[in-house]
Amino acid sequence: MALGDLSSSSTSELHVLAVDDSIVDRKVIERLLRISACKVTTVESGTRALQYLGLDGDKGSSGLKDLKVNLIVTDYSMPGLTGYELLKKIKESSAFREIPVVIMSSENIQPRIEQCMTEGAEDFLLKPVKLADVKRLKELIMRGGEAEQEKTSNLIISSPKRILQNNFFFNIFFIITIIVIFIA
Amino acid sequence: MNTVVVAQLQRQFQEYLVSLYQQGFLDNQFTELRKLQDEGTPDFVAEVVSLFFDDCSKLINSMSRSLGRPESVDFKQVDSGVHQLKGSSSSVGARRVKNVCISFKECCDVQNREGCLRCLQQVDYEYKMLKTKLEDLFNLEQQILQAGGTIPQININ
């Protein structure tokens, strides 16, 4: 199927590049995305992801990609290049920095989440990933520019996946502590 | 199609599946996987769990080697194996396997070789047990389909 010049703007189907070193998780995320009407390419490492995108400096590999990638979903903990390092490399690249990158992790570690969001990740999904997560994600991406506004408010609104409400309680606690110290 | 036979098989299937949840073999993520299966992909769940069991076997073997000699245990390697196993068991809803991994990680963190060996044995037992249970479940599914029926979608709370 020659789809060399199919541009994403002419179709409503997203082409997602999914990166995960676990074969089980690759199979699951691929199915989750396909069911959500996305085209999917899976790779098993950050290095392979860069090769696929043609970002690894090897001129010969840039022909691998026949469809523009609209979204990258990557696991955080991978041997070799971590998901965070992959995110950084993508955001450093002028050709690919506009592609939204979503990080997945089995660990709900607040500093890790913040680090990824600061580096420009679109979203952070807690594993195991469910159909509802992918549907929400797809809506977020498809809304495109509109999503910029929504995204900021989504981050602040507490969601089961991101315990940013911890920040809220921490802040209150911090303020009270300061007041107590002041009074004492 | 013998509707009485189909109804009987469907009931059997439902009871068996519910019992697997009740006995803690499976959790909600398995339900999520079943949602992803349809007439176009009738083997999806079976394929995913098959990959999971292969993964288990491979990881258990390599962790066993790492724990092999008491004087030279590579706890980093074991920890990495446990992390992977915990991740994939969580992704398929293999609750008991995942729970053993939690204890396993704790033994790894304190470099308790004996504890690790016990957990390794337990995780081996649990994944093999789950494999047998799911084989029986998939057999029931096949019987339903062969009798001309459809696999019930079951809501587990």
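**Where chain B meets chain A**

In this predicted model, 20 residues of chain B and 16 residues of chain A make up the contact. Together, chain B and chain A bury about 1,500 Å², with 65% of that area on carbon and sulfur atoms.

Next, let us turn to the charged and polar links. Two salt bridges are found across the interface of chain B and chain A. E47(B) takes part in a salt bridge with K27(A), and their closest N and O atoms are 2.8 Å apart. Between chain B and chain A there are also six residue pairs in polar contact. On the side of chain B that touches chain A, at least two residues come from each of α2 (28-35), α3 (44-66) and α4 (75-92) of chain B. Sorted by class, that side of chain B holds seven nonpolar, eight polar and five charged residues.

Finally, what about the cysteines? Over all chains, a search of the whole structure finds zero disulfides. C119(B) is itself buried, at 6% relative accessibility. Over in chain A, C38(A) is buried too, with a relative accessible area of 6%.

Technical notes:
Residues numbered from 1 in each chain as written. Chains lettered and ligands numbered in written order. Predicted model: local features only at pLDDT ≥ 70, side-chain atom pairs only at ≥ 80, totals over all residues. Heavy atoms only, no water. Contact = heavy atoms within 4.5 Å. Buried area = accessible area lost by both parts, 1.4 Å probe. Salt bridge = Lys/Arg side-chain N within 4 Å of Asp/Glu carboxyl O. Polar contact = N/O pair within 3.5 Å; in protein donor to acceptor, adjacent residues only side chain to side chain. Helix = DSSP H or I, 4+ residues; strand = E, 2+ residues; numbered from the N terminus. Nonpolar A, V, L, I, M, F, W, Y, C, P; charged D, E, K, R; others polar. Disulfide = S-S within 2.5 Å. Buried < 20%, exposed > 50% of the residue type's maximum accessible area, 1.4 Å probe, protein only.
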